[in-house]
There are 2 protein chains.
Amino acid sequence: MIGEVVSVGTELLLGQITNTNARFLAETLAGLGIEAYFQQTVGDNRARLRQALDLALARSDLVITVGGLGPTEDDLTKEVVAEALGLPLVEDEKVAAAVRCVVRRHGSQPPTAAVAKQSLVPQGAVVLPNPSGTAPGLLLAAGAKLVALLPGPPPELEAIVRQHLVSRLEGLLARREAEGTRRVYLRSRVVKLCGIGEAAVEDAVRDLVRSPNPTVAPLVGVGEVHLRVTARASRPEEAARLAQEMVGRVRGRLEAHIFGYDEETLAGACGELLRRAGLTLAVAESLTGGLVGHLLTETPGSSAYFDRSLVLYSNAAKIELAGVDPEVLRRHGAVSPEVALAMAEGVRRASRTDLGLALTGIAGPSGARPGKPVGLVHIALAGGRKEGLPVLVRCEFGGDRGLVKLRSAQRALTLLWESLKAGR
Amino acid sequence: MIGEVVSVGTELLLGQITNTNARFLAETLAGLGIEAYFQQTVGDNRARLRQALDLALARSDLVITVGGLGPTEDDLTKEVVAEALGLPLVEDEKVAAAVRCVVRRHGSQPPTAAVAKQSLVPQGAVVLPNPSGTAPGLLLAAGAKLVALLPGPPPELEAIVRQHLVSRLEGLLARREAEGTRRVYLRSRVVKLCGIGEAAVEDAVRDLVRSPNPTVAPLVGVGEVHLRVTARASRPEEAARLAQEMVGRVRGRLEAHIFGYDEETLAGACGELLRRAGLTLAVAESLTGGLVGHLLTETPGSSAYFDRSLVLYSNAAKIELAGVDPEVLRRHGAVSPEVALAMAEGVRRASRTDLGLALTGIAGPSGARPGKPVGLVHIALAGGRKEGLPVLVRCEFGGDRGLVKLRSAQRALTLLWESLKAGR
């Protein structure tokens with residue numbers, strides 16, 4: 001089966017947003033063993049959308065459109081797909097009810113015109129419910145062709161694909177295979193590393209990166225390096241086995257730096273180690289403004305080990321809530337190892353947690369002082385060693401304010417992870 | 001002039017990387033006033049690359065290919081472009097020298113075959129030097145058509161575009177304009193709204209969305225709606241004037257909900273209002289885990305009004321740091337209007353700030369209780385009215401844990417913004 005994604009939206013042609021949906025869908029199709037030869041992007045224009053659709057329908061078995069399902073004037077996808085397939089648009093009462101419910105939940109009044117527009121579906125369409133938005137996904141079978149229509153907002157698109165589209169495509173492919181169609185299976189694993197640079201990772205796996213199957217591709221994230229392993233085979237378990245084998249070879253070389261795999265996050269890995277060790281954590285943040293707490297609480301169940309994060313932006317807050325000595329603040333300044341240490345020990349004491357993690361630094365663009373450049377960050381971990389001695393790290397990060405904050409948060413989590421990995 | 005980007009690479013079709021080059025090039029073309037109607041992505045396959053190229057050459061004046069310029073077997077772009085334009089590949093000694101130099105700089109031995117392959121260019125190609133990689137960009141004029149070939153690594157592509165391609169296209173467009181070809185300039189503004197749904201925004205500007213120039217297109221963000229105004233004109237200042245005029249018409253209808261324009265953020269808008277009013281803010285977060293503080297501190301200079309955020313994940317933290325009455329917690333539960341209120345007033349009192357903002361809720365997937373579903377969030381703002389009466393909001397958000405957290409944070413910032421806008 002050949003699949004093709006057609007992304008619809010003038011904002012993509014103007015470069016106002018990055019097309020992350022195309023990547024997510026491409027990965028999803030590859031995971032199902034559905035090959036993709038082309039992707040198209042077209043604007044909110046009836047004639048050109050029709051042109052792109054006709055081309056995709058002529059050369060692909062499964063066409064997935066993204067975007068243009070909203071209530072507004074320039075949302076044309078449903079109309080143009082129905083036209084291209086020669087299907088009438090009919091009202092779907094379940095969709096209408098769902099739209100009203102979502103609009104109500106968001107507190108605004110549903111304008112009847114918008115609800116009516118969103119309630120129309122091409123005749124015979126299977127509705128793929130949208131858990132968080134007004135526009136559901138739609139799946140159409142037209143002769144030998146399949147057309148799926150998905151809304152543009154990534155969280156909504158991903159939820160619909162994961163909860164509804166994948167299982168329906170799986171079932172279809174299984175039936176076709178039973179009828180004798182040969183299937184190619186791709187299986188990917190992502191190995192995630194921290195505390196090591198891209199170049200060092202590449203040096204360690206240079207020969208593996210040349211392998212044709214499974215392929216090994218390095219991807220650089222902020223404060224992380226990922227290795228994507230992709231195996232191809234005619235049986236899913238064979239593809240999975242090949243991928244797993246390669247992951248094992250990678251692990252054999254880089255184990256000390258691997259914090260997780262696939263969807264796992266660094267914050268989640270820290271949480272898992274805290275949970276297993278039965279330890280609790282409190283955080284005192286300054287320049288990161290709450291980002292460390294935000295990352296830690298992205299993991300379900302984090303309340304089991306995460307007690308609190310104190311974002312101590314002002315000196316007053318540092319003194320009152322982390323018990324930082326005003327004299328230390330005066331003598332060394334807020335951005336100093338002494339204050340990072342005092343914050344880590346103070347928040348740990350105040351929260352009666354096993355561990356206290358603290359950051360203080362200069363996110364910029366302003367705030368630099370002689371000897372204290374923008375991007376200077378001090379990180380401290382209290383209770384992070386069996387002998388109870390705190391750990392201190394000094395970093396100088398480049399990049400704009402947002403990047404300095406993210407790099408600082410990732411470095412703090414890396415420090416926590418390495419300490420927990422070493423047995424607290 | 002119509003431009004079209006053709007991205008080449010099987011890794012894009014497998015979803016192993018996000019196509020950030022397409023966004024960068026789309027934005028660059030729009031800035032030059034070069035219109036784009038389509039984008040294509042195709043794998044490292046000779047026949048299909050030719051098919052994509054022929055289609056682009058038939059419907060666009062400028063075709064920009066990305067990727068497939070490397071030394072390996074599956075780097076085909078140069079060969080296929082030369083073939084499509086009927087041009088021979090000839091060795092370019094300057095390119096050969098540059099390739100050898102870069103390869104040496106990277107310390108490895110230049111394999112002669114690879115150097116030879118990379119030194120070939122379609123006859124008549126203008127070489128656009130690559131400051132950091134082995135594959136230079138190439139610019140070809142074939143009859144009325146222009147073809148630019150760029151390497152895939154984003155830093156290399158962006159450097160070549162900024163240092164060489166933009167100025168050459170500028171010069172060309174200027175010459176064509178001098179020869180009487182009408183040149184089109186695009187200027188875009190983004191109007192950003194909160195506290196109103198997409199459908200209601202659409203109702204307010206339904207007639208404007210039908211306008212052909214400037215165009216007005218809604219974009220839905222999490223807790224925000226954006227209206228993208230894009231004007232076309234034959235003079236840049238005229239395009240800017242038209243866009244500004246339309247922004248004024250939008251403002252006339254939706255002013256009460258407009259928090260900012262273009263790159264401005266909701267958190268930044270809150271900060272600006274706090275700064276102007278000389279007010280300070282403290283936040284008490286629960287389910288958002290620090291996200292509200294993180295968003296507020298993304299704005300440079302936020303320390304002028306943002307004092308602290310207390311992420312009170314545990315009940316103990318809520319009692320100790322926000323002075324929440326244990327009895328209130330016991331009777332109403334942590335996720336209740338009473339506790340949200342107590343947190344807002346408690347953090348305001350403890351921080352001696354003008355305003356106290358608090359959130360408590362259930363991010364999920366677990367934690368639901370009878371009458372308290374996942375996604376239930378209570379938000380309170382203390383000090384947010386002249387008469388000092390706190391404001392309370394109850395919401396039920398859909399989506400996964402991450403989306404519930406983001407929607408909650410955005411709703412809290414909207415409450416703060418609306419209160420400050422209404423004169424605190």
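Reader: Where in chain B is B:Ser336 found?
Author: First, this is a predicted model, in which local features need pLDDT of at least 70, side-chain atom pairs count only at pLDDT 80 or more, and totals for chains, interfaces and linings use all residues; side-chain values use heavy atoms, with hydrogens and water left out. Residues are numbered from 1 along each chain as its sequence is written, while chains are lettered from A and ligands numbered from 1 in the order in which they are written. Helices (H or I, at least four residues) and strands (E, at least two) are DSSP runs, numbered from the N terminus. B:Ser336 is in chain B, in the loop between helix 13 (326-332) and helix 14 (337-351).

Reader: Is B:Ser336 buried or exposed?
Author: Buried means under 20% relative accessible area, exposed over 50%, and partly exposed in between (1.4 Å probe, protein chains only). With a relative accessibility of 2%, B:Ser336 counts as buried.

Reader: Which residues does B:Ser336 touch, not counting those up to four places away in sequence?
Author: A contact here means heavy atoms within 4.5 Å. Leaving out residues up to four places away in sequence, B:Ser336 touches B:Thr360, B:Lys372 and B:His378.

Reader: What separation is there between the C-alpha atoms of B:Gly383 and B:Ala344?
Author: B:Gly383 sits in the loop between strand 16 (376-382) and strand 17 (391-396) of chain B. B:Gly383 is buried, at a relative accessible area of 1%. B:Ala344 is 39 residues away along the chain, and the C-alpha separation is 8.9 Å.

Reader: How far apart are the centres of domain 1 and domain 3 of chain A?
Author: Chain A has 15 helices and 17 strands. It is divided into domain 1 (2-178), domain 2 (185-261) and domain 3 (266-421), with bounds that come from an automatic or database domain assignment. Taken over C-alpha atoms, the centres of domain 1 and domain 3 of chain A are separated by 44 Å.

Reader: What percentage of the residues in chain A are buried?
Author: The C-alpha atoms of chain A fill a box of roughly 80 × 55 × 40 Å along the principal axes. Of the 424 residues in chain A, buried ones make up 54%.

Reader: Is helix 2 of chain A roughly parallel or oblique to helix 7 of chain A?
Author: Axes are lines fitted to C-alpha atoms, for helices over the stretch in contact, and angles run from 0 to 180 degrees between N-to-C directions. Angles under 35 degrees count as roughly parallel, over 145 as roughly antiparallel, 65 to 115 as roughly perpendicular and the rest as oblique. The axes of helix 2 (residues 20-32) and helix 7 (residues 154-178) of chain A come within 11 Å and cross at roughly 20°. Helix 2 of chain A is therefore, relative to helix 7 of chain A, roughly parallel.

Reader: How does the contact of helix 3 with helix 4 of chain A divide by class?
Author: The axes of helix 3 (residues 46-59) and helix 4 (residues 77-85) of chain A come within 10 Å and cross at roughly 50°, which means that helix 3 of chain A is oblique to helix 4 of chain A. Among the residues making this contact are A:Leu49 and A:Leu53 of helix 3 of chain A and A:Val80 and A:Val81 of helix 4 of chain A. For the classes, Ala, Val, Leu, Ile, Met, Phe, Trp, Tyr, Cys and Pro count as nonpolar, Asp, Glu, Lys and Arg as charged, and the others, Gly among them, as polar. The residues of the contact of helix 3 with helix 4 of chain A divide into seven nonpolar, one polar and five charged.

Reader: How many of the nine residues of helix 4 of chain A are buried?
Author: The buried residues of helix 4 of chain A include A:Thr77, A:Ala82 and A:Leu85. Helix 4 of chain A is largely enclosed by the rest of the structure, because its buried residues number seven.

Reader: What is the positive phi of A:Arg352?
Author: A:Arg352 lies in the loop between helix 14 and strand 15 (355-361) of chain A. A:Arg352 is exposed, with a relative accessible area of 57%. Although A:Arg352 is not a glycine, its phi is positive, at about 50°.
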